[in-house]
Structures are given as C-alpha cells and as structure tokens.
Amino acid sequence: MNSQRPISSDDEHRVLQFRPRNSPSPTAHRGSGTVQPLRVAPEPLDLSRYEQPRADDFRHRMLANIAALAFTIALTAIGIWLAVSIADLRRTQDCVLMGRRDCVKITTPHI
C-alpha cells in the first residue's frame, strides 16, 4: 500500500504570531490596507461605577420575609396533611384487600 500525501502549496499554511494581551499590539496589516489598533486609556480598578444608592426599605423587607415564612408554613402543613391522608387511605385499602368488613372508622359524637 502506497502512502500518498496530498500536494499542498505554501499558501494554505499560515503561522499566526501570538501577542500577549497586556502588551501594546503593533499595527496589523490585512490585505492591502493597514488597521490601527484602538488606544484606550486604562480605567481605574474600582467598582464605583457599579455602586447604587442604598435605599434599604426595612418595612418592605420584613413584609416580604413574613410572606415567605407564611408560604413555607402553609406548604409544610399541606405536605403533612397529604402524607397523613395517603397513609390512612393505604391502611384502609390494605384492610379491604385482606377481606375484612370492619375497615371504616366510625366516629360517635361525645354526649
């Protein structure tokens, strides 16, 4: 079996020069034109442009916390009720499937 390589010209291969980002880049030549790199003054390294005036509304925050607590308590109560009722239904269904006739709880009022 012959190992043949495709014939390639030097125009297909190009080596790009690596330039670190922190050093100033030289003028780039593309095609017949010249592109000048954009020179920007470095900005200070602080976060002052992202700061916003702090308007801490204590009342709104406390109402949101109370609403979240109430929602969590309601969700927990619904979950517990659902687990208890599923367990009761399972217990009743097991009793019926065993062939017993006295599976339903009869509640009598206290006089």
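Student: So, Cys95 and Cys103: buried or exposed?

Tutor: Cys95 is buried, and Cys103 is buried too. Buried means under 20% relative accessible area, exposed means over 50%, and partly exposed is in between, with a 1.4 Å probe and protein chains only. Keep in mind that this is a predicted model, where local features need pLDDT of at least 70 and side-chain atom pairs count only at pLDDT 80 or more, while totals for chains, interfaces and linings use all residues. Residues are numbered from 1 along each chain as its sequence is written, and side-chain values use heavy atoms, with hydrogens and water left out.

Student: What do Cys95 and Cys103 form?

Tutor: A disulfide, meaning a pair of cysteine sulfur atoms within 2.5 Å; here the sulfur atoms of Cys95 and Cys103 are 2.0 Å apart. The link is left-handed, with -80° about the S-S bond. A search of the whole structure finds one disulfide.

Student: OK, and how confident is the predictor overall?

Tutor: The chain has a mean pLDDT of 79, and 71% of its residues reach 70 or more. pLDDT is the predictor's confidence in each residue, from 0 to 100.

Student: Which elements have the lowest and the highest mean pLDDT?

Tutor: Strand E1 (residues 28-30) has the lowest at 52, and helix H1 (residues 58-97) has the highest at 95. Where pLDDT is low, the predicted coordinates should not be read in detail.

Student: How many helices and strands are in the chain?

Tutor: One helix and two strands, in the order β-β-α along the sequence. Those are DSSP runs numbered from the N terminus: helices are H or I with at least four residues, strands are E with at least two.

Student: What span should H1 have?

Tutor: The 40 residues of H1 should span 58 Å at 1.5 Å a residue, and its end C-alpha atoms are 58 Å apart, so the two agree. The expected span is 1.5 Å times one less than the number of residues. After H1 comes Gly99, with a positive phi near 90°.

Student: Switching topic: how many salt bridges does a search of the whole structure find?

Tutor: Two. A salt bridge is a side-chain nitrogen of Lys or Arg within 4 Å of a carboxyl oxygen of Asp or Glu. Arg91 pairs with Asp88, their closest N and O atoms 3.4 Å apart. In the other, Asp102 meets Arg100 at 3.7 Å, N to O.

Student: Why are Arg91 and Asp88 about one helical turn apart?

Tutor: Because they sit three residues apart in helix H1. Asp88 is partly exposed, at 34% relative accessible area.

Student: And how exposed are Asp102 and Arg100?

Tutor: Asp102 is exposed at 56%, and Arg100 is partly exposed at 47%.

Student: Which residues form the nonpolar patch on the surface?

Tutor: Ile78, Trp81, Leu82 and Ile86, with about 450 Å² of accessible area together. Ile78 is in helix H1 and is exposed, at 52%.

Student: How much of the chain is buried?

Tutor: Buried residues make up 2% of the 111 residues.

Note on methods
Patches are made of residues with over 30% relative accessible area and no salt bridge: like charges are joined within 9 Å, nonpolar side chains (Val, Leu, Ile, Met, Phe, Trp, Tyr) within 5 Å. Accessible areas come from the Shrake-Rupley method with a 1.4 Å probe; for residues, only the protein chains shown count as cover.
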